[in-house]
Amino acid sequence: MSRLITWGAAALMALAANAALTQDTTDDKCLSPAQVRDNDVARNAGAMGEGICISQLEIEENGLAWRFTVAENTTHAKGPTIFLLHDNEQESFDTALYGIRKYGGKLVAVEAADSREFKGQDPNRNFGTTAAATAPCSQMRRKPAPIFTGVLMDLQARQPGFILTLHNNANGYSGNGGSGGISAARQSAVLKGMMAPNGGDEDDAILLAGTKPFDQNNEARKTVAKLHKQGVNVIYEHVRPDRNDCSFSNYVVLNNLGTYYNIEAQHGHGAQQKRMLDILMGLERVRVRDKRVQ
Ligand SMILES: [Zn+2]
C-alpha cells in the first residue's frame, strides 16, 4: 500500500491549528525499499528492511510538488530526527541511516532526483513562514513557504530536542584553491571556522549557529571546546534577521527552535561523518540502541 499524503489548503489550516502530523508506523503502511524509486534507498536496501519503516510525504506549494522520504526506526522510535535537504549528498544519507539504526529515531530526506536543487529551488533556502521574515532571501524564488517549513518541522521529534542535519561539501574553499564554500579553515563575515588539533580535513566539521557573535555565545564556546577536545573541527554561523537567507540554520536560530547542528563532511568522507555523528551523540547523551550497527 502506498503512503502518499498530499498536503493542501486543509493541511495548512490544520498546521495553523497546531495539529501534529501523526505517522502511522504499522507495517502494512510501510513501503518496501523496492517500492521506493530512489537511488539512496536502493543503495541501502539491505539495511532498510526489517525494523525500518519507509514512507513518503507529498506537498504542493508555490507551484512546486515536493516529496519527502521518511525512514523511521520502528524498534526504537525514540531518537534523533535527521534532516537531509540535498539529494546529491550521498554520504549524508548513508550516515543518517547508520545514525537512526544505531540511535533510533528517523531520517527525513528531500527528493530532488539526486540534484542539489529541486526545480530551481535550493531546499536549504526555502524555510520561512511569513512574507516579512523571508523578504531578505534572494535565493528563495517564491515566498513564503509555510507548508514546506511546517511539514518538516512537524516531523522533528520533541526528544531529543536538538535539530540535526547532515551535508556533504566540496574540497577546500575558493580562497585556498578549492571549490567549496564550507571549510573550517575559512573565516568570513558570517562563518567562523575553528580547526581542532587533530581535526583532520578542513571540510569535515560540525556547524553551529546562533544570533550572537561567537565571542558572546557562551553555550557555543563550551560546545566548541568539547568538540575540539575530541578532534572535531567546528564552524560557527552568526545569524542575523536582516541577513536571513532562509536556510534551515537561519530558520531554526531566528525562531528559537532549539540547538542547531549540521554535520558537514566532504563528498566521499562517510567514515569521518559517522565519527562526528557518534561524538555528537555522545556529547548530547543520546543512548546507543543497537551496538551491532557499524
Ligand atoms: Zn547540502
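Visitor: Where does Pro144 lie?

Guide: Pro144 sits in the loop between helix 4 (131-134) and helix 5 (146-155). Helices here are DSSP runs of H or I with at least four residues, strands are runs of E with at least two, and both are numbered from the N terminus. Keep in mind that this is a predicted model: local features need pLDDT of at least 70, side-chain atom pairs count only at pLDDT 80 or more, and totals for chains, interfaces and linings use all residues. Residues are numbered from 1 along each chain as its sequence is written.

Visitor: What kind of peptide bond joins Lys143 and Pro144?

Guide: A cis one, with omega about -5°. Gln159 to Pro160 is cis too, with omega near -10°, and Pro160 is in the loop between helix 5 and strand 6 (163-169). For background, most peptide bonds are trans.

Visitor: Why is Asn256 called exposed?

Guide: Count C-beta atoms, placed from the backbone: 20 or more others within 10 Å of a residue's own make it buried, 12 or fewer exposed, and anything in between partly exposed. Asn256 has 7 such neighbours inside 10 Å, so it counts as exposed. Asn256 lies in the loop between helix 7 (248-254) and strand 10 (260-266), and has a positive phi of about 55° despite not being a glycine.

Visitor: And what makes Asp114 partly exposed?

Guide: Asp114 has 13 other C-beta atoms within 10 Å, so it is partly exposed. Its phi is positive as well, about 65°, though Asp114 is not a glycine. Look for Asp114 in the loop between strand 5 (106-110) and helix 4.
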